[in-house]
Amino acid sequence: MLFKVVPLFLLASTVLAIPSKLGARLARRRANRQSQIINRLEQVDSAISDVQYSNNWAGAVWAENTFTFVTGTFVVPTPSGNNGDSASAWVGIDGDTCTSAILQTGIDFTVSANGPTYAAWYEFYPAPSADFSGITIAPGDTIQLSITTSSLHSGTATIDNLTRNEQVSQDLSSTVPLCGQNAEWIVEDYDVNSGLVPFANFGTVTFTDANAGVYTPSGAGIIDIKQNGQVLTSTSIAGSSVTIKHT
């Protein structure tokens, strides 16, 4: 695999500020972190016909087309809640009607007593995710996420911090092929050790300049997160924008 970093800045300051027990717990979490395929709960809300629910994804999902590229730009939020609460914003290909693989990249945001922590990552599911090094992420930064496939078995994950003029990119390959059926812009309650992390209040994440080649999110399916009978997100689509709010 080819690893490209432009430019290289090593980021440790936010981690060093975390109390030792929480810092150790978050480090263990990073080692066992994984995004998952969508876990749908209900087909369609009887009152809002275009909204479906899952317990882990919120956002916009295209299905049953052919996708080789997806991108979206968002402003990094400041999460709130209890120490260790977390959520992730990402773009990806597959993972909905195609359940065998996902190629994706995104940013995790986690609550800590001394201020939020952030991690930039990539994943070619079913392999676990891995963290990028060499990119700074802070509240209010404007981040562009992009996935490009070169075949059903390979592609590239790229994150650009447009505020700081930093970029990281990773070429990935997998023996488990993509289908190229789905493109998505998602906030996720991701997995650690096969269980969902406590879901942070992320406020609002809006993906702008979102597209999957000739497709914008307009017309894509809307997914919201429901856990223990409670709807935790509210998603809306307007042209090339997807807005996901914590409720």
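**Exercise 1. In this predicted model, which side chain meets Arg33 in a salt bridge of 2.6 Å, N to O, and where do the two residues sit?**

Step 1. Start at the side chain of Arg33: the 2.6 Å contact, N to O, is a salt bridge with the side chain of Asp108.

Step 2. Now place the pair on the chain. Arg33 belongs to strand β2 (residues 33-34) and Asp108 to strand β8, so the bridge links distant parts of the chain, 75 residues apart.

Step 3. Check the burial of each partner. Buried means under 20% relative accessible area. Arg33 has 1% and is therefore buried; Asp108, also at 1%, counts as buried too.

**Exercise 2. Find the salt bridge between Arg33 and Glu123, and work out which network Arg33 belongs to.**

Step 1. The side chains of Arg33 and Glu123 form a salt bridge at 3.6 Å, N to O.

Step 2. This pair, too, links distant parts of the chain: Arg33 is in strand β2 and Glu123 in strand β9, 90 residues apart.

Step 3. Both Arg33 and Glu123 are buried.

**Exercise 3. Which strands pair with β9, and over how many bridges?**

Step 1. Look at β8 (residues 102-110): β8 and β9 pair in the antiparallel sense over 9 bridges. Here Ile102 stands opposite Tyr125.

Step 2. Follow the hairpin of β8 and β9. There are 6 residues between the strands, and Gly115 takes a positive phi near 115°.

Step 3. Turn to β10 (residues 130-131), which runs antiparallel to β9 and is joined to β9 by 2 bridges. Trp121 has Asp131 as its bridge partner in β10, and a hairpin of 4 residues connects β9 to β10.

**Exercise 4. The structure holds 4 salt bridges. Examine the one between Asp96 and Arg40: is each partner buried or partly exposed?**

Step 1. The closest N and O atoms of Asp96 and Arg40 are 2.8 Å apart.

Step 2. Asp96 lies in the loop between β7 (86-93) and β8, and Arg40 in strand β3 (residues 40-42), 56 residues apart.

Step 3. Asp96 has 9% relative accessibility and so counts as buried, whereas Arg40, at 28%, is partly exposed.

Methods
Residues numbered from 1 in each chain as written. Predicted model: local features only at pLDDT ≥ 70, side-chain atom pairs only at ≥ 80, totals over all residues. Heavy atoms only, no water. Pairing = 2+ DSSP bridges. Buried < 20%, exposed > 50% of the residue type's maximum accessible area, 1.4 Å probe, protein only.
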